[in-house]
Amino acid sequence: MANTAHLMRRQSSRDLYAQRSLDRMEMKELRGRLVTMENGQPAHRTHVMYGATNEAFEDTSPNRRSSETPTSKGSSGEERAGFKNEGAEIERESWDSKLTFLLATVGYAVGLGNVWRFPYLAQKNGGGAFLIPYFVMLAIEGIPIFYLELAIGQRLRKGAIGVWHQVSPYLGGIGISSAVVSFNVALYYNSIIAWCLFYFAQSFQAELPWSECPKKYFPNGSYTSEPECAKSSPTQYFWYRTTLQISEDINYPETFNYKIALALVIAWILVYLCMIKGIASSGKVVYVTATFPYIVLVIFFFRGITLKGMSDGLIHLFTPKWHTILDPVVWLEAGTQIFFSLGLAFGGLIAFSSYNPVDNNCYRDAIMVSMTNCLTSMFAGIVVFSIIGFKATMIYEKCLEIRNETLLEMFGSSYKSMVFPEAGESVTIDKNGTITNLLMPLLPVCDLQKELDNTASGTGLAFIIFTEAINQFPGAQFWSVLFFLMLFTLGIDSQFGTLEGVVTSIVDMKLFPNLRKEYLTGGLCLLCCLLSMGFAHGAGSYIFLLFDMYSGNFPLLIIAFFECVGIAYVYGVKRFADDIELMTGQRPGIYWLICWKYLSPLAMLSILVSSFAELAMEGSGYEAWVSSEGDTVKKPWPVWAVLLVVVLVLASVLWIPVVAICRYFGYPIVEDEERAWFPAEDLRDFHGIEPRPVSAAETLLFCTRPDGSEGCCWPGCCETDDEE
């Protein structure tokens, strides 16, 4: 019977607009009967499903009251009936369960940056002292904006475009900008997944291909190590030469990399298969992709703490250098890491939360996911640096062994008590009564601290330093398979959220109203796959770096700044607080309101200005691989690359003023549509919310009037009032 109601509900949503009111009345009556009677007997719920597709579509709207519907705070969670959509809009997808939503959100927020960027930043910016600016920026920037996006998506029940258009028609450009940035980031982010797939496939060989240098054979049958590899290292050679087939300049791609192109095609097919049914399919996949990285991290943790040199790595990571706290660059990097590790302003969080029931506790979700993200970063730092400590110790001890063998051969066992001359100076040696004059050789410099400092961020950490450490493990193939499978799952569930922000925005804009969502997702993945071939050639890694540095950083900060402005100064913090109280039963504390209106915008504006200033003073470039040197050399970006950066940034952020200007002159880019269903009176009755007087703090800080109103600060901002 519930399935019959579900089919009829979908059919009614497709009827002509003029008949919708009559259809809704008939459906509400039918649903009431379905809930009350099932096969002639009273229906008893055995469980509560999650979202708008609950069994029998229980109606808790003001038009139907049931003695079984709780109306007070005292009702238990088990007795609590869901709030169902009786509006005219087409039924929106919903999560299967709260756990699915949490896993999807954790998987989206916890990504590769937690593993390969946070440990590097902590080690670089003061070790344990870095945690102070990190958690301060988390408190004033990270959690407040995360909370804001979850709450506004759940309240207005749209994707990013629909949400900001409902806040004000003049702010619809925020959502379009988020969708464009998400598209740009998804475009290059899948290259990382392709690289992980390539390394994953290579890990099944009997001997890891990056464990030693390849041989260069001569006609007479003799051979030697590849000179380029000998000058660098096996892991660097495999990464730059075998995997990337890298060129020495971004202007000269040289060869097309068919292996990575094939890996990209496979990566995009996997992404599409996981998203083919929207959250119905990706929601199932996250049970694996969101949990598997934690399993692998725990395995690597127990492996790491048993390794020699582990303690040196952890001491190096967490020893505080307190003077760094006064460095503004440290605060800048802490704020930037918080911002991007949580996935703010992409539109993915808004899209995910819009599939939640209206009475979901978004505050608890925001705290839980944000803290999970940050604790994951710290745990990953411990795992990474325990293994880096092992790698550094192995290199240090090997260096000492070579140095001692050289000295033992020259001076005998007495070298331990000798003071050695400078390299190249003449040395008189007495060996068994024979006097010999030799030149002092150049001894290798063995410095454990230097090896610990030799830590890279991003791809360098994953594909060079970590693989070098894995080479030293017994059963290295097993650890390599685990590691790259972990990176793959970390990357692909972040890709779900990023791409979901694009798909949801396209659906909400009704750009292709008659196209089924699986076809839309397939077309988007196909387009991205074709464009991503630009990363599959000799200069592809340089273009990847350009996208990674500029396609998201500046636009996302600007978008998040306008999100705070939209909520605090257009929608109104009091109205937003009222909505959250209706949804969760608890009013957000004044701290969150201060963050939304003052602290968070100020933090983002500071990061943005500081980033531009740093870029202007220090310039920018890319690390080009020079095969003859076996090392990288920094080169400036060419003019066309700078222009591409300008195009990427402007193509993202210009939508914000363009949509507002077009709206002002009567040329709307985002069409107006019916407001999403929101049972305000039902929620008010359920939570027992009573009118409350305006506090002196609210009047002082937010200029709230005595009657509780804030006024309409922007044309059209009152369209979301809960009117019948």
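## Basis

The model is predicted: local features need pLDDT of at least 70, side-chain atom pairs count only at pLDDT 80 or more, and totals for chains, interfaces and linings use all residues. Residues are numbered from 1 along each chain as its sequence is written, and side-chain values use heavy atoms, with hydrogens and water left out.

## Two disulfides

The structure contains two disulfides. The term is applied here to a pair of cysteine sulfur atoms within 2.5 Å.

## C213 and C229

C213 pairs with C229, at an S to S distance of 1.9 Å. The link is left-handed, with -80° about the S-S bond. C213 sits in the loop between α8 (172-202) and β3 (215-217), and C229 sits in helix α9 (residues 227-231), so the bond ties together parts 16 residues apart in sequence. Helices (H or I, at least four residues) and strands (E, at least two) are DSSP runs, numbered from the N terminus.

Are these two cysteines buried or exposed? C213 counts as buried at 15% relative accessibility. C229 is buried too, at 1%. Buried means under 20% relative accessible area, exposed over 50%, and partly exposed in between (1.4 Å probe, protein chains only).

## C399 and C446

The sulfur atoms of C399 and C446 lie 2.0 Å apart, forming a disulfide. The torsion about their S-S bond is about -85°, so this disulfide is left-handed. The pair links distant parts of the chain, 47 residues apart. C399 belongs to helix α17 (residues 362-411), while C446 is in the loop between β6 (434-439) and α18 (448-453). Both C399 and C446 are buried.

## Other cysteines

C196 is buried, with a relative accessible area of 1%. C274 takes part in no disulfide. Which cysteine sulfur is nearest to that of C274? The sulfur of C525 is, and it is 9.9 Å away. C274 itself counts as buried, at 15% relative accessibility.

A151 is part of helix α6 (residues 131-156). Its relative accessibility is 0%, so A151 counts as buried.

What does A151 touch, not counting residues up to four places away in sequence? The partners are C362, F576, I580 and M583. Contact means heavy atoms within 4.5 Å. A151 and C362 are 211 residues apart in sequence, yet 5.9 Å apart in space, C-alpha to C-alpha.
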